[in-house]
Amino acid sequence: MNNPHRTSYGSYHDSYLEGKVLGADGLELVRILYRLAIESVEDASSALKTGDAAARAGSISRVQSALTELIASLDQQRGGELSRNLGNLYAYMHGRLCEAHIERQREPLEEVASLLRTLYAGWESCTPDSAASQLQ
């Protein structure tokens, strides 16, 4: 049964997020993807605790979608080894999320959350100028 308050909040949240995305520069878009992924991993972990398989699947799917977007945003030409390493790490996290879902294990979710938080902290310290200079 749908909760009308949740739907209203979800619609508001989606509209708010859409507005932020449409007005964001590239660096802010990456940060938004990380925040979405971290929030979704936490949601998946909560759903695992309560045994809500549908919510767990939806949350893991959102994290994987964010990781796919992060992979697609990598500039292999300019980013070189850094881009390759990030791509490999994103692919590793994607696999760990599959493992967490299939095996119903919390540990892979915790590992992915930790990796995402560490990477997010690095992106939070970047400015548009410092991010551009790292790729040149």
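A residue counts as buried under 20% relative accessible area, as exposed over 50%, and as partly exposed in between (1.4 Å probe, protein chains only). The structure here is a predicted model, so to speak a computed one: local features need pLDDT of at least 70, side-chain atom pairs count only at pLDDT 80 or more, and totals for chains, interfaces and linings use all residues. Residues are numbered from 1 along each chain as its sequence is written, and side-chain values use heavy atoms, with hydrogens and water left out.

First, the overall picture. The chain has six helices and zero strands, where helices (H or I, at least four residues) and strands (E, at least two) are DSSP runs numbered from the N terminus. Buried residues account for 32% of the 136 in the chain. The accessible surface comes to about 8400 Å², with 53% of that belonging to carbon and sulfur atoms; these areas come from the Shrake-Rupley method with a 1.4 Å probe, and for residues only the protein chains shown count as cover. Taking contact to mean heavy atoms within 4.5 Å, 60% of the contacts between residues at least 6 apart in sequence join residues at least 24 apart.

Now to the pairing of helix 3 (residues 53–73) with helix 4 (residues 76–103). Their axes (lines fitted to C-alpha atoms over the stretch in contact, with angles from 0 to 180 degrees between N-to-C directions) come within 10 Å and cross at roughly 170°. Helix 3 and helix 4 are therefore roughly antiparallel, a label for angles over 145 degrees. On the helix 3 side the meeting residues include Ile 60, Leu 67 and Ile 71, and on the helix 4 side they include Tyr 90, His 94 and Leu 97. By class, this contact has twelve nonpolar, five polar and one charged residues; Ala, Val, Leu, Ile, Met, Phe, Trp, Tyr, Cys and Pro count as nonpolar, Asp, Glu, Lys and Arg as charged, and the others, Gly among them, as polar.

What about the core? A nonpolar core is a set of buried Ala, Val, Leu, Ile, Met, Phe, Trp, Tyr and Cys residues joined through side-chain atoms within 4.5 Å. In the largest one, with 25 residues, those touching the most other members include Tyr 34, Leu 67, Tyr 90 and Leu 97. Helix 2 (26–50), helix 3, helix 4 and helix 5 (107–124) each give two or more residues to this core, and helix 2 has the largest share, eight residues. Leaving aside neighbours within four places in sequence, Tyr 90 is in contact with Tyr 34, Leu 67, Leu 70, Ile 71, Leu 74 and Leu 119.

Finally, Arg 104 sits in the loop between helix 4 and helix 5. Its phi is near 55°, a positive value in a residue other than glycine. Arg 104 is exposed, at 61% relative accessible area.

Note on methods. Angles under 35 degrees count as roughly parallel, over 145 as roughly antiparallel, 65 to 115 as roughly perpendicular and the rest as oblique.
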